[in-house]
Amino acid sequence: MMNTSHSSLTDWGLAHVLIEKQFKILDVGCGGGRTIQKLAAIATEGKVSGVDYAAGSVAVARRTNASLIDSGRVEVQHASVSQLPFSDGTFDLVTSVESQYYWPDLLKDMKEVRRVLKPGGRLIIIAESYKGGRYDLIQRPIMWMLRSTLLSMDEQCKLFHDAGYTDVQVFEERAKGWISISGQKP
């Protein structure tokens, strides 16, 4: 269901970041693996890795991307954003679609993502739930029950800066209630 419901949001968000064909990309909170497919279709000479803390999501993402995994262009691992199983400076781009709200320690986890980025690499967060967004009043009680963290655009910018990112960019599609925030590792 998530693969279908977040497809347009993902396309819109990814349009706000440069993706080159040889990029090494990590999708944090990869869910059912549809974003991995989209990224692999763009980074045709690169490699896309996905991580998710839910074993069920990892299994679905692996099934969704079986042929790409067999070709060696994709890998999907069971892991937490708090302790990514990758060396420092591995990725050109890290994406997170509709998952940042659930990260256990936002500042620490943002720094952990920065660790695995190459110098000049970017993190992009894409979401349809955020404080002050078009559907905030409807979404906030649900997100609270899920124990998630909703941030406003200003709070996201501050979080990116506090975690050591530069060139922070925010895009909002107000009519649809979408937000995209990205920052660069110096």
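View 1. Y102, at 32%, is partly exposed. Their ring centres sit 5.6 Å apart with the planes at 85°, so this is an edge-to-face pair. For Phe, Tyr and Trp (its six-membered ring), rings pair if the centres lie within 6.5 Å; planes under 30 degrees apart are stacked, over 60 edge-to-face, and the rest tilted.

A quick note on bookkeeping: residues are numbered from 1 along each chain as its sequence is written, and side-chain values use heavy atoms, with hydrogens and water left out. Since the model is predicted, local features need pLDDT of at least 70 and side-chain atom pairs count only at pLDDT 80 or more, while totals for chains, interfaces and linings use all residues.

**View 2. Two tryptophans, W12 and W178, meet as a tilted pair.** The whole structure holds 4 aromatic pairs. In the one formed by W12 and W178, the centres are 5.7 Å apart and the planes make 50°. W12 belongs to helix α2 (residues 7-14) and W178 to strand β7 (residues 178-184), so the contact ties together parts that are 166 residues apart in sequence. Helices (H or I, at least four residues) and strands (E, at least two) are DSSP runs, numbered from the N terminus. Both W12 and W178 are buried.

**View 3. The sheet is open, with 7 strands in mixed pairing.** Its order reads β3-β2-β1-β4-β5-β7-β6. At the edges stand β3 and β6, each with a single partner strand, so one side of each has no neighbour in the sheet. Direction ignored, neighbouring strands are turned by 15° against each other on average. Strands count as paired if DSSP finds at least two bridges between them. Strands β1 and β2 run parallel and share 5 bridges; in that pairing, I25 has V48 of β2 as its bridge partner.

**View 4. The hairpin of β6 and β7 is antiparallel.** Strand β6 (residues 166-173) is joined to β7 by 6 bridges, and Q169 stands opposite S182 in β7. The hairpin has 4 residues between the strands, and G177 takes a positive phi near 75°. In β6, D167 has a phi near 45°, positive in a residue other than glycine. D167 is partly exposed, with a relative accessible area of 41%. For context, most residues other than glycine have a negative phi.

View 5. Axes are lines fitted to C-alpha atoms, for helices over the stretch in contact, and angles run from 0 to 180 degrees between N-to-C directions. In helix α3 (residues 34-42), the buried residues are T35, I36, K38, L39 and A40. They pack against α2, β1 (24-28), β2 (47-52), α5 (66-70), β3 (74-78) and β4 (91-97); contact here is heavy atoms within 4.5 Å.

**View 6. S96 in strand β4 and E98 in the loop between β4 and α6.** S96 is buried at 1% relative accessibility. Leaving aside residues up to four places away in sequence, S96 touches D27, V28, W103, I124, I125 and I126. E98 has a positive phi near 55°, in a residue other than glycine, and is buried with a relative accessible area of 13%.

Terms used:
Buried means under 20% relative accessible area, exposed over 50%, partly exposed in between (1.4 Å probe, protein chains only).
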